[in-house]
Amino acid sequence: LVDLGTEEIVTTNRGLRFSPDLELYAAHGPKPGVVDIFRVKDHQPVRRLEGGDSFANFCAWSPCGRYLGIHYDREVHVWEAATGKSLLQTRLEPKPGRSVFETVFSGDGHLVIMPDGEDLLLRELPSGKELRRLPPRPEYSGGAFHPSKPWLGLLRNKEVDVWDFAVN
């Protein structure tokens with residue numbers, strides 16, 4: 001694009017993930033279990049999230065920018081970014097040679113699918129209400145919500161399983 005130019009440069013050696021509106025970024029904090037959220041425009045910290053006992057391995061913002069899912073070595077938290085409150089916590093059971101399922105949010109930010117031990121949990125936000133526990137499928141590595149239907153696509157090797165979570 002001809003009108004594309006540098007607006008702001010962010011450099012860090014602490015890993016980072018930008019919010020969907022590109023106004024905030026999350027980066028590893030100064031010690032294990034800490035993730036700091038900064039404003040892009042002036043790099044000032046706006047929130048410190050303290051959880052887990054190890055450095056974050058993965059983090060994902062919800063498309064609405066309200067929530068941040070963070071994977072530590074043995075647990076997953078879903079944080080409300082504005083308040084710094086940990087809304088949900090589950091445990092991870094990483095196994096050698098197995099990909100870890102990354103937290104996935106629905107487009108409107110009202111649902112999250114996250115690992116819990118061997119299972120995947122579909123939960124409502126912000127209440128945390130468990131809507132569905134999906135059978136253990138260690139080969140699931142990612143997923144996506146349909147934008148307007150109660151469907152969830154889960155990636156398994158080179159195939160996609162589609163779950164209709166409106167059906168019990």
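Asp-161 is buried, with a relative accessible area of 16%; buried means under 20% relative accessible area, exposed means over 50%, and partly exposed lies in between (1.4 Å probe, protein chains only). The model you are looking at is predicted, so local features need pLDDT of at least 70 and side-chain atom pairs count only at pLDDT 80 or more, while totals for chains, interfaces and linings use all residues. Residues are numbered from 1 along each chain as its sequence is written, and side-chain values use heavy atoms, with hydrogens and water left out.

**Salt bridges**

Let us stay with Asp-161 for a moment. Asp-161 forms a salt bridge with Arg-156, a term that stands for a side-chain nitrogen of Lys or Arg within 4 Å of a carboxyl oxygen of Asp or Glu. By this rule the count comes to nine salt bridges. Arg-156 also forms a salt bridge with Glu-159. Arg-156 is buried, with a relative accessible area of 18%, whereas Glu-159 is partly exposed at 46%.

| Pair | N to O distance |
|---|---|
| Arg-156 and Asp-161 | 2.8 Å |
| Arg-156 and Glu-159 | 3.3 Å |
| Asp-119 and Arg-133 | 3.0 Å |

Strands here are DSSP runs of E with at least two residues, and helices are runs of H or I with at least four residues, numbered from the N terminus. Asp-119 is buried, with a relative accessible area of 17%, while Arg-133 is partly exposed at 37%.

**Around Asp-116**

Now move to Asp-116, which lies in strand β10 (residues 111–116). Is Asp-116 buried or exposed? Its relative accessibility is 8%, so Asp-116 counts as buried. Its side chain meets that of Arg-133 in a polar contact of 3.1 Å. A polar contact is a pair of N or O atoms within 3.5 Å; within protein, one must be able to donate a hydrogen and the other to accept it, and residues adjacent in sequence count only if both atoms are side-chain atoms. If we leave aside neighbours within four places in sequence, Asp-116 is in contact (heavy atoms within 4.5 Å) with Thr-90, Arg-91, Leu-121 and Arg-133.

**An open sheet**

Strands β1, β2, β3 and β4 form an open sheet in that order, with antiparallel pairing. Two strands pair if DSSP finds at least two bridges between them. At the edges are β1 (16–18) and β4 (45–50), each of which pairs on one side only. Between β1 and β2 (residues 24–28), which run antiparallel, there are three bridges. Which residue in β2 is the bridge partner of Phe-18? That partner is Tyr-25.

**The whole chain**

Stepping back, the protein chain has zero helices and 15 strands. It has 168 residues, of which 42% count as buried. Among contacts with a separation of 6 or more, 33% are between residues 24 or more positions apart. The accessible surface comes to about 9,600 Å², and 51% of that belongs to carbon and sulfur atoms; such areas come from the Shrake-Rupley method with a 1.4 Å probe, and for residues only the protein chains shown count as cover.
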